[in-house]
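Work through the exercises below with the model open. Try each task before reading its solution.

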Protein chains: 2
Amino acid sequence: MPIANSVVAFSLAPALASPTQRFNPRLATSSFTSPQLQRSPDRARSTQRRAVLVTIQMAVDLAVMVNGVPGNMAAATAEEVVRRGLVLADEALTGPGVANSHFEAGGSKVSLSTPEDHTACLKRMKDKYPRLIVVDYTHPSAANPNVENYAKAGLSFVIGTTGGNVDDMKKAVDKSSDVYAVIAPNMGKQIVAFQAMMDMMANEFPGAFKGYKITVKESHQATKADTSGTAKAVVNSFSRLGLDFDVEDIEKVREASRSMREMQVPEEYITAGHAFHTYHLTSPDGSVNFEFQHNVCGRGVYAAGTVDAVQFLDKQKEKGDSTRLFNMIDILRIGGMS
Amino acid sequence: MPIANSVVAFSLAPALASPTQRFNPRLATSSFTSPQLQRSPDRARSTQRRAVLVTIQMAVDLAVMVNGVPGNMAAATAEEVVRRGLVLADEALTGPGVANSHFEAGGSKVSLSTPEDHTACLKRMKDKYPRLIVVDYTHPSAANPNVENYAKAGLSFVIGTTGGNVDDMKKAVDKSSDVYAVIAPNMGKQIVAFQAMMDMMANEFPGAFKGYKITVKESHQATKADTSGTAKAVVNSFSRLGLDFDVEDIEKVREASRSMREMQVPEEYITAGHAFHTYHLTSPDGSVNFEFQHNVCGRGVYAAGTVDAVQFLDKQKEKGDSTRLFNMIDILRIGGMS
C-alpha cells in the first residue's frame, strides 16, 4: 500500500495488513492512534518511542513518472500531467544515447536516468511517491524489459509504447499481485471509441453495406512509413460489413501538398505530426454516400487519453478492483459508468 | 401456410397439419403421394376421387402488394419489386381522391382499389397469391385502419408509412396468430445501421466526447418542413456522449443554392428528394475533428430496404418464427446472421 514516505507508519502496518481493512491514506481525515496502542499500554509505550504521534497526511497526491522523455509522446504526456495539476515525478527512465540529463515540462524539472540506473531509479521513485503511476513512451525494444522492471518494483503502469510483446506484458501483470496496468495501442479515447463503434456495427450488422464501394485515404507526417493502424482496424470492420476492400487498398498520403489540398491538414501540422483519415462509402447505384472522418493534429488527444488512463488506473487500484489489466475500451466503458 | 391456389391440396392438409411436419410447397421438388394413400388402399381410392395425383408446383413465387401507388415511395417500391424479379400483385389499395385507376411499374400493371372496395380487394389478393406480403406506403391517417384490415385478412405486412399509431399496429399483430409484420420509421438499412451505431456508442461509452463542440446540418427538399427525424435521433446519441447540443440547434438547409454549395447536393435531387446530413465534432482545443456524413439522393435506398424487409418477413413466416413483429434493426441483425 502506498504509505506517505514522510510519515512514520511502519509500526502500524501489521495491524492494517488484512485485505478487508486496507489502509488508505487518501481517505484519512485526521491523525489517529493505532488500536494496538490503545489496547496494550505497555506495548504502546515502547512503540511510542518510534511513533509517538502518527499523523497521516490529509491526502497523498497522485504522481506520474513519464518514461521516454524527451521523446515527443512522453513530452506531451508530461506537459498534460502538469497542466492537470498532478505531480510529475522528478526522475524518468530514458534510453541509451540520450544526451540530455534533464527535461522540463511546465516548470517541473525531471532528471533522466540512464539504463544502468533504471532499477535503482524505480526504487527511488516508489519510495518518494507513495501514490505513483508510471507511463511508458519509450522504444518498442525497451517496452518489455521496462514492464518487467515495473512489475518487479510493484509499480502500476500505462504502456503507450507500441511494438512490444503484449502477451509478455500481460504475463508480467498477472504475476505481480498488486500491479495494475493499461496496455493500449492507441491512447486517443475518441478515436478508440470510433474504432470500437465500427467494430460493434460489424458484429451487430454483418453484411449491412454489402455491394457498397469504399475508398480509404489517410494522411500522416512523411516520416511515418507504414499504413495507419487505425485505418487498418477500421477497414477490417468494413470488410465484415460486406465491403470488398483490402488494407492494401488504403491510400497513404505523405506529400505535404496533397495532405493540405486533399485532406485539409493545417500547414503547421504537416511535419509536426497529424493523423487524418477519410472513409467514403458509396452504394451500388451511387445514390447513397457515407463519409467518416477523424482528423487529429498534434499529440494532445493521445496525451490527454494517457493521463485519463493514469487517473483511471489510480482509481481502480484504490478500489482494489480484482481486474488489474485494462485497455482504452475498458476505460471508455468503466469511465463512463462512474 | 401458403398453398398454391392452382393445385388441389386440401385432401392432404390434415395429414400434414402437425407443426413439426409443416408442409412447405416451396421446398417440394416433385409430385408425391400422401403416405395415407400408400398405407390404406380403400381409403386411398375414395380420396383419389378428389385428388388422384397431387402435383405440387415446384415453387410458389413471393408476391408483393404495394399499397399507396401512385405515391412516390410506393411507386419506387413497386419498381424495386419488379427489378428483383418478384411478383407485383396486380391490385393495390389507394386512397380517396386518387383519379388514376391503374398504375404501371416495370411493365407490370396494377389496378387501383378505392376505399369502398378495400376489404374485398385484400381477399382477392390473398386468394390469388398464396405467398403474399403487403407493403403500406399510404397516408398517415390510413395506416392504422389498413393494418387492422391486413391483420383481419391474415396478411403479413411491411409498414413504411410513418405517422400512424405504432402501439395500435403492434396490438393488431399480436391478436392475429399467423400475421408477421415489419414496422419501421426508416427503411434505409444503412442509415438505420449508422443511427443504431451512434446509439450503441452512446450506450457503451457515455460521455466519451465530453467537452467537444458539435454542429449538425441537414439538407432536404424545400417541401420538408420539419427537422430530419434521423438527425434528431443521432443528436440524442451525441447528447449521451457528453455533447451539449439540442435538436433546436440542428441547422435545416432548404434553399437550393445552399444545399448545392454547402452540402454538395446534385442539382437533379434538389426537388426530386434528398436527405443529406453532416455532423461535425471538434475537441475543446480544436486539435481533433470528427465528421460523419450520410447523404441520400432519391428513394432507392428506402425502396431497397422495404423489399429487403419483405423478403426477410417471408423467410421468418416460412420458418414459423415465434417472434412476429420486427423493425429494421432486427432485419439488420437477423439478416446478417442467416
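**Exercise 1: a parallel sheet in chain B**

Strand 1 (residues 63-67) of chain B and strand 2 of chain B run parallel, joined over two bridges. The model is a predicted one.

Task: find the bridge partner of B:Ala63 in strand 2 of chain B. Then place the strands in their sheet and give its edges.

Solution. 
1. Start at B:Ala63. Its bridge partner in strand 2 of chain B is B:Val87.
2. Extend to the whole sheet. Six strands of chain B form an open sheet, in the order 2-1-6-7-8-13, with parallel pairing.
3. Read off the edges. They are strand 2 (87-88) and strand 13 (325-326) of chain B, each of which pairs on one side only.

**Exercise 2: helices across the sheet**

Task: state which strands of chain B helix 5 and helix 6 of chain B lie across.

Solution. 
1. Take helix 5 (residues 140-152) of chain B. It lies across strand 1, strand 6 (132-136) and strand 7 (156-159) of chain B. Its angle to strand 7 of chain B is about 160°.
2. Take helix 6 (residues 166-175) of chain B. It lies across strand 7, strand 8 (181-183) and strand 13 of chain B. Its angle to strand 8 of chain B is about 170°.

**Exercise 3: the interface**

Task: describe the contact between chain A and chain B by residues, area and polar pairs.

Solution. 
1. Count residues. Chain A gives 32 residues and chain B gives 32 residues.
2. Take the area. About 3000 Å² is buried between the chains, and carbon and sulfur atoms give 66% of that. In chain A, the residues that lose the most area to chain B are A:Gln190, A:Met197 and A:Phe205, together 20% of what that side buries.
3. List the polar pairs. Across the interface, 12 residue pairs are in polar contact. Helix 7 (189-204), strand 12 (288-297) and helix 11 (328-337) of chain A each supply at least two residues of the side that touches chain B. Helix 7 of chain A brings the largest share, 11 residues.
4. Sort that side of chain A by class: 21 nonpolar, seven polar and four charged residues.

**Exercise 4: strands across the chains**

Task: is the pairing of strand 12 of chain A with strand 12 of chain B parallel or antiparallel?

Solution. 
1. The two strands pair in the antiparallel sense, over nine bridges.
2. Check one position. A:His294 stands opposite B:Phe290.

Terms used:
Residues are numbered from 1 along each chain as its sequence is written. Chains are lettered from A and ligands numbered from 1 in the order in which they are written. This is a predicted model: local features need pLDDT of at least 70, side-chain atom pairs count only at pLDDT 80 or more; totals for chains, interfaces and linings use all residues. Side-chain values use heavy atoms; hydrogens and water are left out. Contact means heavy atoms within 4.5 Å. Buried area is the accessible area (1.4 Å probe) that two parts lose on being put together, summed over both. A polar contact is a pair of N or O atoms within 3.5 Å; within protein, one must be able to donate a hydrogen and the other to accept it, and residues adjacent in sequence count only if both atoms are side-chain atoms. Helices (H or I, at least four residues) and strands (E, at least two) are DSSP runs, numbered from the N terminus. Ala, Val, Leu, Ile, Met, Phe, Trp, Tyr, Cys and Pro count as nonpolar, Asp, Glu, Lys and Arg as charged, and the others, Gly among them, as polar. Two strands pair if DSSP finds at least two bridges between them. Axes are lines fitted to C-alpha atoms, for helices over the stretch in contact, and angles run from 0 to 180 degrees between N-to-C directions.
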